[in-house]
Each structure stands twice: as structure tokens, then as C-alpha cells.
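Here is a short report on one protein chain. Keep the structure open while reading.

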Amino acid sequence: MHVTPGSSDTQSDPTAPKQRSFAIAGQLVSASRAVPGLHLVATPIGNLGDITLRALETLAGVDIIACEDTRITRRLTERYNIHASLKQYHEHNAAQARPKILEKLAQGCSIALVSDAGTPLISDPGFKLVREVTAAGFNVFALPGPSSVLTALAVAALPTDRFFFEGFLPSKQMARRARLAELSRIDATLVLFESGNRVEDTLQDMAQVMGTRDAAICRELTKLHEEVRRAPVAELAASAGALETRGEFVLVIGPPAADAQLMAAQDLDDLLRSALQQGSVKDAVAQAVEVSGRHRREIYARALELAKQGASDHGEE
């Protein structure tokens with residue numbers, strides 16, 4: 001890589017860029033052709049200045065950039081005067097696009113995979129492509145860089161020694177609350193994505209399940225209107241109606257308190273027996289998970305034992 005008034009690199013592949021270079025601080029920098037294979041390139045989550053030099057050189061040096069939305073990625077390539085060909089790869093066309101990418105790799109092409117923002121494969125369909133590319137014997141290279149998960153975790157002022165990334169919760173309230181109940185048992189800081197039109201409902205559900213835990217709402221990270229609110233979940237839920245809902249949200253919830261109590265085994269048995277008299281094993285387990293603090297697998301196994309015992313006792317009568 002070196003500064004030059006301009007350079008060109010013509011390939012036999014018609015999709016290959018005619019010029020392998022990028023501009024930074026008003027200077028045109030030439031880039032070598034990227035090594036054949038799939039390059040996983042992290043891109044900025046908001047501030048375009050967060051791109052790494054290695055990422056710029058790779059994006060300028062590949063034959064094709066596979067991206068979720070060409071309009072979004074084009075803002076980045078235009079900002080840095082990169083001429084690589086942009087091709088869509090997203091959840092709706094992935095099945096059709098993967099064979100074409102594999103075909104290009106077989107021809108010796110270099111391809112970069114980017115998401116709209118952040119590190120590829122985090123809440124996007126890229127892992128299936130990586131799996132097929134590696135199975136076919138082609139090289140895969142990872143270029144580390146921006147991540148909204150780690151950025152939110154860093155500014156949330158919550159424990160970072162152990163964390164669990166959930167991604168997006170279910171959109172339906174019943175399923176969302178059930179999943180939150182499961183997540184509440186994890187002894188780690190939780191990191192979740194949420195959309196602006198659902199963030200208030202999600203916070204209300206969180207307050208029902210883990211209201212006393214400390215949390216942070218991170219909105220528009222690294223962008224002009226970045227906002228971070230830190231408070232117990234119940235307080236954040238109470239003020240959620242005043243939230244600006246435009247933009248991207250990352251929710252960070254601290255781990256459960258060290259003195260959080262699990263329901264005693266005898267109490268759990270009593271609860272399950274009562275629930276089994278009124279409904280199915282599935283319903284009994286769901287009810288116990290909500291209030292016992294114990295893992296679903298443990299509760300399910302015990303519910304099956306008690307249901308079997310109940311059936312046996314009833315048969316003897």
C-alpha cells in the first residue's frame with residue numbers, strides 16, 4: 001500500500017474494479033489486489049471515521065463487495081473513493097446468492113462480506129456463507145473492527161467479565177416474556193438489540209421479569225445524536241414513553257444479584273403438582289420457570305417425574 005497519484009488494475013473478470021485505491025485525508029492510496037477468498041470486513045456502526053486502514057485497503061483490493069444494502073455500503077465506498085463492485089447478500093436472497101459467490105471464489109476472485117453496520121455474521125445470515133465457503137476449501141479471513149455489542153457493553157457501566165448476546169427478542173409479547181424469563185436465569189450481563197417501535201414494550205416486559213437489575217439503553221451509538229441512559233430496568237421502563245424512538249437501540253442488562261434466591265425443591269414440587277392438576281406439563285413448566293429462578297431443563301425433568309407419579313397414584317386408586 002502506498003500513496004500515488006492514481007493506479008489501475010484491470011482484471012479479466014468484468015466485475016473487477018478498474019482502479020484499486022482509496023482516498024484518505026485527501027490523498028489517493030493504492031491498494032494491492034486482495035488475496036483470493038472471502039474477507040469478513042467490519043464496518044462502522046455510525047461514524048464513518050471508525051473504519052480501519054486494513055478494512056479500507058481490503059475493500060479497495062477485492063473484486064466484489066457482498067453487502068446487505070448497496071445504498072448503505074455505497075455511502076462508505078463513496079466516502080473513501082473505493083471502486084469495488086457491490087452485490088447484494090442478505091437474508092432474502094442468500095440462498096440464491098451463495099452459489100454465485102462460491103462460483104466466483106472458484107474462479108479465483110476475492111470477495112468482501114460486510115453488513116450494514118458492524119461486524120458481519122452478528123444478527124445477519126453470513127454464517128451459512130462462511131460454512132459453505134470453508135466446506136468448499138476456500139480461504140476465509142476476518143478483519144476485526146466496530147461492533148455495537150462491544151461498544152454498548154463498554155459504555156453501559158455494567159459488569160463486562162461475562163456477557164450473553166441475545167440479538168433481537170421475539171416480537172410477540174407472550175413469546176418475548178417467556179424468553180426474558182429464560183434469559184433472567186443467566187448469570188451474566190445481557191446484551192440485546194431492539195427496534196425503536198418496540199423498545200417501550202420490551203422495557204415494560206423487562207420490568208416485569210427483572211425490574212430491579214441495573215441496565216442501560218444505548219441509542220445511535222457513535223452517531224451525532226448518541227444517547228445512553230443508565231438506571232434500574234423498572235426506572236427505564238417508567239420513563240420509556242419519553243424516549244426518542246428513531247435510530248438503533250442496544251439494551252444492556254446487568255447480571256442477577258449475587259444473593260438471588262432459588263425456590264426450594266419442596267416448594268417447586270408443590271407448585272408443579274398444583275399446576276399439573278390444572279393443565280399440561282408444558283403449562284406447568286412455563287409457570288414454574290417464571291417464578292422459581294431455576295433452569296427450564298431442571299423444571300421440565302421434575303415435572304415429568306411428578307406427572308408420572310400422579311398418573312401412577314391415580315391408577316392405583
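## Helices α3 and α4

This is a predicted model. Start where two of its helices touch. From α3, the residues Arg98, Ile101, Leu102 and Leu105 meet Lys128, Leu129, Glu132 and Val133 of α4. By class, that contact has five nonpolar and three charged residues, with no polar ones.

Now the geometry. Helix α3 covers residues 94-106, and helix α4 covers residues 126-135. Their axes come within 11 Å and cross at roughly 40 degrees. That angle makes α3 oblique to α4. The crossing of α3 and α4 is right-handed.

## Helices α6 and α7

The crossing of α6 and α7 is right-handed.

On the α6 side, the contact uses Gln173, Arg176, Arg177, Leu180 and Ala181. On the α7 side, the residues are Asp201, Thr202, Asp205, Met206, Gln208, Val209 and Met210. Sorted by class, the contact of α6 with α7 has five nonpolar, three polar and four charged residues.

## Nonpolar cores

In soluble globular proteins, nonpolar side chains tend to be buried together. Which residues touch the most other members of the largest nonpolar core here? They are Val41, Leu59, Ile65 and Ile82, in a core of 21 residues. Two elements, α1 (53-61) and β5 (64-67), each give two or more residues to this core. The largest share comes from α1, with four residues.

A second, separate core has 20 residues. Among them are Leu180, Leu192, Val199 and Leu251. Leu180 is also one of the α6 residues that meet α7.

Take Ile65 in the largest core. What does Ile65 touch, leaving out residues up to four places away in sequence? The list is Leu59, Thr73, Thr77, Ala84, Ser85, Leu86, Lys87, Ala112 and Val114. Of these, Leu59 is itself among the residues that touch the most other core members.

## The whole chain

How many helices and strands does the chain have? There are eleven helices and 13 strands. The chain has 317 residues, and 44% of them count as buried.

Contacts reach along the sequence too.

Methods
Residues numbered from 1 in each chain as written. Predicted model: local features only at pLDDT ≥ 70, side-chain atom pairs only at ≥ 80, totals over all residues. Heavy atoms only, no water. Axes fitted to C-alpha atoms, helices over the stretch in contact; angles between N-to-C directions. Parallel < 35°, antiparallel > 145°, perpendicular 65-115°, else oblique. Left-handed = near helix turned anticlockwise from the far one by under 90°. Contact = heavy atoms within 4.5 Å. Nonpolar A, V, L, I, M, F, W, Y, C, P; charged D, E, K, R; others polar. Core = buried A, V, L, I, M, F, W, Y, C linked by side-chain atoms within 4.5 Å. Buried < 20%, exposed > 50% of the residue type's maximum accessible area, 1.4 Å probe, protein only.
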